[in-house]
Amino acid sequence: PALGCCYRTVPLRTPPAFPAARPRRLRRDEFTRRLVREASLSVDDLIYPVFVLDGQKVAQDVPSMPGVRRLSLDLLLPVAEQCLELGVPVMALFPAIDPALKTDDGREACNPDGLVPRVVRALKERFPELGVLTDVALDPYTTHGQDGLVDATGYILNDETVEVLVKQALVQAEAGVDIVAPSDMMDGRIGAIRQALEAGGHIHTRIMAYSAKYASAFYGPFRDAVGSRSNLGRSNKKVYQMDPGNSDEALREVAMDIAEGADMVMVKPGLPYLDIVRRVKDEFRVPTFAYQVSGEYAMLKAAAANGWLDHDAVMMESLLAFKRAGADGVLTYFALEAARLLRRG
Ligand code: PBG
């Protein structure tokens, strides 16, 4: 039979049969592979999370995150410069707070002269073109390592915590941060923060909401990096972060955050939750981000260090997967390494 004889009679969604279709034709050469590739990764998609601590010339390795170090501001400035040189649009700041400053109520989070506001001011002064994002949550500042205030029974209080988060976000906005990213999962915090920002004249401060943030075991190495793992001890964050079995609930969370004033939403962790990224993007069509979290980074680094995986190949494949799933960008500890590879082509 002639090739394609029944072509016009089949529904459009049914692919033509072999050998009219040989999908491998387009895979044969790099030029056609490039030509028909649906998703692509660029430096514009990358947000680089960094850990900062007080002091001068301090650089501390984070053993569970090979290649990641906690840096004092003087050593962070050259990193910011690298982001600019490589074209990485935004750096996300996470503080490792001096344990002596941690309290039950995490009040250091609202100190206008605290570590984060100081670093934000310095970065925006030196590199105004580099976007700076700060986390809004209390866990780096509390003795118990929870993201919010805790009552006598150990329950994380919602509305009382939101009041503190609003203050924290305002302090960050006043220091000049470009994007605040509430990662605490309290109900109603996006609306409260948005109102306070507007009332305070911070109409340009963007909110990237950690909207679908799951109670995940993949955050372990991050908790080492900010020094909250030992504070948290054997407790967990299941009374506010989402249950890993849920998917419809993620859509409700995202809908609420958009209605409350989020400019961008996020799904976290990343690779194990790509189905959520896809559902969120399809449903809402808003700027959607994914966080390739510390545990995902640690897994790939560990396997690569053992020679079990090809480091650069899995790094680029995992980042491309976020784009394919519908993400507009990725927070990733690989940002600088990936940007260097992208530049080399
Ligand atoms: C804190 C926060 C966490 C991460 C980002 N912000 C940890 C947590 O919720 O315990 C995790 C990031 C990572 O694992 O890379 N609210």
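Trainee: Where is Met185 placed in this structure?

Mentor: Met185 lies in the loop between β6 (179-182) and α5 (189-199). Helices (H or I, at least four residues) and strands (E, at least two) are DSSP runs, numbered from the N terminus. Residues are numbered from 1 along each chain as its sequence is written. This is a predicted model, in which local features need pLDDT of at least 70, side-chain atom pairs count only at pLDDT 80 or more, and totals for chains, interfaces and linings use all residues.

Trainee: Why is Met185 called buried?

Mentor: A residue is buried if 20 or more other C-beta atoms lie within 10 Å of its own, exposed if 12 or fewer, and partly exposed in between, with C-beta atoms placed from the backbone. Met185 has 26 C-beta neighbours inside 10 Å, so Met185 counts as buried.

Trainee: What is the phi of Met185?

Mentor: The phi of Met185 is positive, about 65°, although Met185 is not a glycine. Most residues other than glycine have a negative phi.

Trainee: Which residues of α9 are buried?

Mentor: In α9, the buried residues are Ile276, Val277, Arg279, Val280 and Lys281. They pack against β7 (206-213), α8 (248-260), β8, β9 and α11 (311-324).

Trainee: What makes strand β1 (residues 46-53) largely enclosed?

Mentor: In β1, 8 of the 8 residues are buried, so the rest of the structure largely encloses this strand. On one side are Leu46, Tyr48, Val50 and Val52, and on the other Ile47, Pro49, Phe51 and Leu53.

Trainee: In what sense does β1 pair with strand β10 (residues 329-332)?

Mentor: β1 and β10 pair in the parallel sense, over 2 bridges. Leu46 stands opposite Val330 in β10. Strand β3 (residues 69-72) also runs parallel to β1, with 3 bridges joining the two. There, Phe51 stands opposite Arg70.

Trainee: Which members of the largest nonpolar core touch the most other members?

Mentor: Those are Tyr48, Leu93 and Ile193, in a core of 100 residues. Helix α4 (residues 159-175) gives the most to this core, with 9 residues. A nonpolar core is a set of buried Ala, Val, Leu, Ile, Met, Phe, Trp, Tyr and Cys residues joined through C-beta atoms within 7 Å.

Trainee: Which residues is Leu93 in contact with, leaving aside its neighbours within four places in sequence?

Mentor: Leu93 is in contact with Val50, Val52, Val116, Val119, Val132, Leu133 and Thr134. Two residues are in contact if their C-beta atoms, placed from the backbone, lie within 7 Å.

Trainee: Why is Glu253 called buried?

Mentor: Glu253 has 24 other C-beta atoms within 10 Å, so Glu253 is buried. This residue is found in helix α8. Leaving aside its neighbours within four places in sequence, Glu253 is in contact with Ser211 and Ala212. An unreviewed UniProt entry covers Glu253 with the annotation "binding site". Such annotations may be inferred rather than shown by experiment.

Trainee: What is the omega of the peptide bond from Lys268 to Pro269?

Mentor: Omega is near -10° there, and the bond is cis. Pro269 is in the loop between β8 (264-268) and α9 (274-284). Another cis peptide bond joins Phe18 and Pro19, with omega about 10°. Pro19 is in the segment before α1 (30-36). Most peptide bonds are trans.

Key: Pairing = 2+ DSSP bridges.
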